[in-house]
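I opened the notebook on a new chain today.

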Amino acid sequence: MNINVENIERENKKKNVIVSNVPEPSAHLSGEARKTKDIDYLCHELDMDREEIVQCFRTGKLHKDSTGAIKPRPIVVVFKKEEIANFWHNDKRGFKSNTHWVNPDLCRADREAQFFLRQERRKRRQQLEEKKNKEKDPIN
């Protein structure tokens, strides 16, 4: 991807956060009613300020898990000010309230970089664990 496009995408996402594991509203509700229900839920459960939210929308397609229950899609929340999003990005990064996660809305290049870092971290932890196990068991 072009670096300029990535920078534009980053700039556009500065006011956004992703909230995961918010239950899906009833399917029989209209699109606007579902958005209102989602915003009400975010304000009540995560103490987000309704006045600071410009819009919110679900991403992805509806999927069912092995039991047939609908898996909740992530919600992108767009705030009026970058400072509010920064509060959630920095002070509440990875915030977990009961079963809800709040994370920054990253561009594709940043998501891929974060994924690579997580993979490397797992690999190093596994190597450390194997080294500790060998030290404990001198026979091998």
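This is a predicted model: local features need pLDDT of at least 70, side-chain atom pairs count only at pLDDT 80 or more; totals for chains, interfaces and linings use all residues.

Entry one, fold elements. I counted 4 helices and 7 strands in the chain. From the N terminus on, I read their order as α-β-α-β-β-β-β-α-β-β-α. I then checked the radius of gyration, which is 19 Å. The globule rule gives 14 Å for 140 residues, so the chain is more spread out than a compact globule. Along the principal axes, the C-alpha atoms fill a box of roughly 65 × 45 × 30 Å.

Entry two, packing and surface. I found 24% of the 140 residues buried. I looked at contacts between residues at least 6 apart in sequence, and 61% of these join residues at least 24 apart. The accessible surface came to about 10200 Å². Carbon and sulfur atoms hold 50% of that surface.

I have 30 positive and 24 negative charges in the chain. Their mean positions sit 4 Å apart.

Where does Glu-24 lie? I placed Glu-24 in the loop between strand 1 (16-20) and helix 2 (31-46). Which side chain does the side chain of Glu-24 make a polar contact with? I found that of Arg-73, at 2.9 Å. I then set aside the neighbours of Glu-24 within four places in sequence. Beyond them, Glu-24 is in contact with Arg-58, Leu-62, Ile-70, Lys-71, Pro-72 and Arg-73.

Conventions. Residues are numbered from 1 along each chain as its sequence is written. Side-chain values use heavy atoms; hydrogens and water are left out. Helices (H or I, at least four residues) and strands (E, at least two) are DSSP runs, numbered from the N terminus. The radius of gyration is taken over C-alpha atoms; the globule rule is 2.2 Å times the number of residues to the power 0.38. Buried means under 20% relative accessible area, exposed over 50%, partly exposed in between (1.4 Å probe, protein chains only). Contact means heavy atoms within 4.5 Å. Accessible areas come from the Shrake-Rupley method with a 1.4 Å probe; for residues, only the protein chains shown count as cover. Lys and Arg count as positive and Asp and Glu as negative; His and the chain ends are not counted. The place of a charge is taken as NZ of Lys, CZ of Arg, CG of Asp or CD of Glu. A polar contact is a pair of N or O atoms within 3.5 Å; within protein, one must be able to donate a hydrogen and the other to accept it, and residues adjacent in sequence count only if both atoms are side-chain atoms.
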